[in-house]
Amino acid sequence: MGSQRNGFRKETFILSVDVGTTSIKCHVYDKEAKIRGSCITKVVPLYPEVGQVEMDPDALWKGFITVVKGAVQDTGVQMQQIEALGISTQRGTFTTWDKKTGEPFHNFISWQDQRAADLVKSWNTSCTMKAIHGVMKVLYFLTRQKRSLAASLIVFSTQHVTFRLVWALTHYKQVCKAVAEGNCCFGTIDTWLLFKLTKGQVFATDYSNASATGIFDSYQMCWSGFLCSLVSLPLSIFPKVENTGHEFGSTDSSIFGVSIPIMSVMADQQAAMFGECCFDVGDVKITMGTGTFMNINTGNKPHTSVAGLYPVVGWKIGSEVVYLAEGNAADTGTAIKWAQKLELFSDVQDTSDMAYSVSDSDGVCFVPSFSGLQAPLNDPKACASFMGLKPSTSKCHLVRAILESIAFRNKQLYETMLRETHIPITKIRVDGGVSSNDFIMQLTADLFGRKVARPQHNEMSCLGAGFVAGLGVGFWKTREELKKLQTTDDLFNPQVGHTEGFGNPSREYTPILQSWERALRRSMNWYNKP
């Protein structure tokens, strides 16, 4: 493929778009995986009621078109020189729409949305769930199938689509009507974008996005008929699930002036894993953006967890399926943005120096749970809080406590991963906007007691979706070639004796960690109605 003009071949490029929680980014990549042009626009979340988080579908669509055109213009090339398009999206954010007109029935309901928290709690404590857990434990005892063990441990979460979709079907009359008439489409952002880009020709998602909804059976690799019948979700509304690397169709030529093949659709965390070249079992990737997502490559088998690690499909390319185990903390970048809004600092770049300017946080603990607490505590009713405030507490102490809390959540997730998977960890790579904070990076390395690598280019979701699209059209030939294109890293080694009187940084932090864990416990179950 490529553009032929006046008898000579023009340079061609891969285009990749990442639709995140706070922004939509588009990068144009050349053969060396260097960014030749880019464009970014903000995503403005809507908060219609306390605990509800939404996005305007039209604003998201306009933002997508703007960044694609802007990035190509920034590169100084023509649309004809784009060989393929890759799309990475935030996961678990969905809408429903009219199959005939393509009109959404409601705003996107975000993965951060808590409107289904009471529904989730009542299901998790219901007799039905207790009965399912009991039956599956017996089945596991008889068959020793990991799938039965997974089902005996399953707990629902607000971050999964399941009960937010149940809520939408209950509260939006036009959605119920469309379902009854067979005219309703459900989709996460990727599915909706495919539908729009192809003018309704393609109604599909990929395995990485489907597996992150909570409605997909990662063992059978299909939508879960059992779960849908259990919570009364109609299977008819779900899109077809395709490979991550797949020719999904082409953009309608009226949108960008030319038709561009859409060669990959990928969930953002799995795309970041691919962008980091974490292709081997035991490779770990930590993305610190709006939330923190920690993934470990578990190979060709899904991982069964007792502590809230979630098995997701990393990618399916050809016949190869790669699974990841994932833990997350929802409020990483959110906590830093909140502190900035409160004017604890003016420039995010200053926070690392502020934290280093004091020797400790003066006994202050911060609990970063604006959206509840995830693995291993799994409490959607937890509140965010500062504890241990004193007259001597300064802005620097507060900032240090916030940054420490992010590294402490990293440690919790990391220890859960070690305990649960029993997979020897081969490498740890960290990306996402918050990874540019040296204080968090160094403290994470100290607490892990492991070397942690940060790529110079931290927009890995875009790169991963671009890599998969490029492999699909032969722009890049092999994964080994991709590994060679990786940029030089900043390495953070655990520091021994970095504070006088302490030989082990992790041990130095033990009393602080214990205080913080006490603060966590006190913040739990806060929003329970008496």
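Here is a short chat about a predicted model of one protein.

Me: What should I know about the model before we start?
Reply: It's predicted, so local features need pLDDT of at least 70 and side-chain atom pairs count only at pLDDT 80 or more, while totals for chains, interfaces and linings use all residues. Residues are numbered from 1 along each chain as its sequence is written, and side-chain values use heavy atoms, with hydrogens and water left out.

Me: OK, how many disulfides are in the whole structure?
Reply: The search finds 0, where a disulfide means a pair of cysteine sulfur atoms within 2.5 Å.

Me: Is Cys-383 buried or exposed?
Reply: Buried, at 6% relative accessible area. The cut-offs are under 20% for buried, over 50% for exposed and partly exposed in between (1.4 Å probe, protein chains only).

Me: And what about Cys-127?
Reply: Cys-127 counts as exposed, because its relative accessibility is 66%.

Me: Switching topic: how much of the protein is buried?
Reply: Buried residues make up 58% of the 530.

Me: What share of the contacts is between residues 24 or more positions apart?
Reply: They account for 72% of the contacts with a separation of 6 or more, a contact being heavy atoms within 4.5 Å.

Me: Last one, what are the spans along the principal axes?
Reply: The C-alpha trace covers about 70 × 55 × 45 Å.
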